[in-house]
Amino acid sequence: MLFTTVRSQGHWEQIATVHSGDFSPAMPYDSYVTFQAVDTPTDTCPQCSPTGTIFTISNPSNMIPATFNTSPFGHDLTLVDGSWFIRCERAQPSHFSICVMKKFLLSSIPFFFVLVCNAQLVKVIHEEIRTGGIGGIPDGYSTYRIYALLKDATDRVSAVFGSNKPSPMHHLKISSSLKEDAIWNSQYGGVLGSTNNCAFWGFFPEAEFDSHVTIGLLTAPQDSCKDCNGEAGTIFQISNPSNVISETFAPVQKTFGPDLTLMDGSWFIPNDGSCNAFPTGPDNRVVLAQVTVPTGSLEYWLNISIFDEGIGRNQLIYVHSWQDPPGNVGEWSELDGNNMGLVFPR
């Protein structure tokens, strides 16, 4: 059987026809999605230098892999909610440069950004919500929630992230100061707050205090104990390597996860009008993480993207400067958040 390979660079171009039995010659004609690169950045035949990391996301999470990571034949790709993208960095521009700033998925808005010089982030705080042993949580542990306090009820948290070179370096950290592998996780929880089911809490009280990252959700959107009024949106998490966040907040066959050091990744929510990224309460707060660690040992470095008035082109990027000073990502400036509680303790 003969197969034809086509490549799109603004138009479709036939590049090869190979026989199905010619395995080795057919390898360069594998099907995939990309931005410019047609081999790995470390290969001897790079297309540009330096080369950036390409990410894929979808809801459900396997939509793109089911087409392009299935051998030998994948099904047709119909991507209803997802993207492949490259963050804005100093990698050489691709033929298809839709640049998602700091790896944020900005759906339903134009991909243009105007920096609005307002301080929509008031500060980041954390609160101890319980202490002491319960269920599988050991004595001497406390549960903390980390919040972003916003200026207006119409502002919206877009993402929490860590960035690495060639962008300005602002790693994200969530850790315990007392020991490694100290972040407690419930077997009934997951990486994201939106995977926790409040229906279990009556039977397994410790499940309510599972450690996770989130944007505005402490329970699954379909649960009876709603976190916001309206339709809650899907929270995504990505990292490079892909398992960095899950190793901390959903460790395999372990209760305690290691400190999170996120050099290149994010958890974020599309700008789709969902209620959970908007603040609630008199101080306009959005919960960003829940962490159960030894009492008094919580530490973190955070970086946050906020949409002023919920408008994607009014994006404001707040970073800590413990590694690099605030810089530029593409044509967009970062804002110094050191005095806004992004780093604890200082």
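Here is a colleague's note on this predicted model, point by point.

1. Ground rules. Residues are numbered from 1 along each chain as its sequence is written, and side-chain values use heavy atoms, with hydrogens and water left out. Since this is a predicted model, local features need pLDDT of at least 70 and side-chain atom pairs count only at pLDDT 80 or more, while totals for chains, interfaces and linings use all residues.

2. The overall build. The chain comes to three helices and 23 strands; helices here are DSSP runs of H or I with at least four residues, strands are runs of E with at least two, and both are numbered from the N terminus. Of its 346 residues, 48% count as buried. Buried means under 20% relative accessible area, exposed means over 50%, and partly exposed is in between (1.4 Å probe, protein chains only). Take the contacts between residues at least 6 apart in sequence: 68% of them join residues at least 24 apart. A contact means heavy atoms within 4.5 Å.

3. In soluble globular proteins, nonpolar side chains tend to be buried together. In this model the largest nonpolar core has 39 residues, and L121, I174, L260, W267 and L302 touch the most other members. Strand β16 (residues 285-294) gives the most to this core, with five residues. For the record, a nonpolar core is a set of buried Ala, Val, Leu, Ile, Met, Phe, Trp, Tyr and Cys residues joined through side-chain atoms within 4.5 Å.

4. The disulfide. How many disulfides does a search of the whole structure find? The search finds one, and it joins C228 to C275, with 1.9 Å from S to S. The cut-off is a pair of cysteine sulfur atoms within 2.5 Å. C228 sits in the loop between β11 (212-213) and β12 (236-239), and C275 in the loop between β15 (265-268) and β16, so the pair ties together parts that are 47 residues apart in sequence. The torsion about the S-S bond is about 45 degrees, so this disulfide is right-handed. C228 is buried, at 11% relative accessible area, and C275 is buried at 11% too.

5. Rolling a probe the size of a water molecule over the atoms shows where empty space is left. The structure holds three cavities of 30 Å³ or more. A cavity is a set of points, on a 1 Å grid over the protein atoms alone, where a 1.4 Å probe fits but cannot get out; lining residues have an atom within 4 Å of a point. Grid points are joined across faces, edges and corners, and a volume is the space filled by probe spheres set on the points. The second largest cavity has about 40 Å³ of space, and its lining includes both C228 and C275, along with others such as L217 and K226. That lining divides into six nonpolar, two polar and two charged residues. In this count Ala, Val, Leu, Ile, Met, Phe, Trp, Tyr, Cys and Pro are nonpolar, Asp, Glu, Lys and Arg are charged, and the others, Gly among them, are polar.

6. Is I306 buried or exposed? At 0% relative accessibility, I306 counts as buried. It lies in strand β18 (residues 304-307). The C-alpha atoms of I306 and A159 are 7.3 Å apart, although 147 residues separate the two along the chain. Leaving aside neighbours within four places in sequence, the contacts of I306 include L121, L150 and Y318.

7. K123 is in strand β6 (residues 121-131) and counts as partly exposed, at 40% relative accessibility. Beyond neighbours within four places in sequence, K123 is in contact with Y147, A148, L149 and M340. N284, in the loop between β15 and β16, is buried at 14%. With the neighbours within four places again left aside, the contacts of N284 include A148 and L149.

8. Backbone details worth a look. Which peptide bond has omega near 10 degrees? The bond from K165 to P166 does, and it is cis; P166 is in the loop between β8 (156-162) and β9 (172-176). The bond from N240 to P241 is cis as well, with omega near 0 degrees. D181, which is not a glycine, has a positive phi near 50 degrees, and E309 has a positive phi near 60 degrees.

Notes. On a 1 Å grid over the protein atoms alone, a cavity is a set of points where a 1.4 Å probe fits but cannot get out, and a pocket is an open set with protein on both sides within 12 Å along at least five of seven lines; lining residues have an atom within 4 Å of a point.
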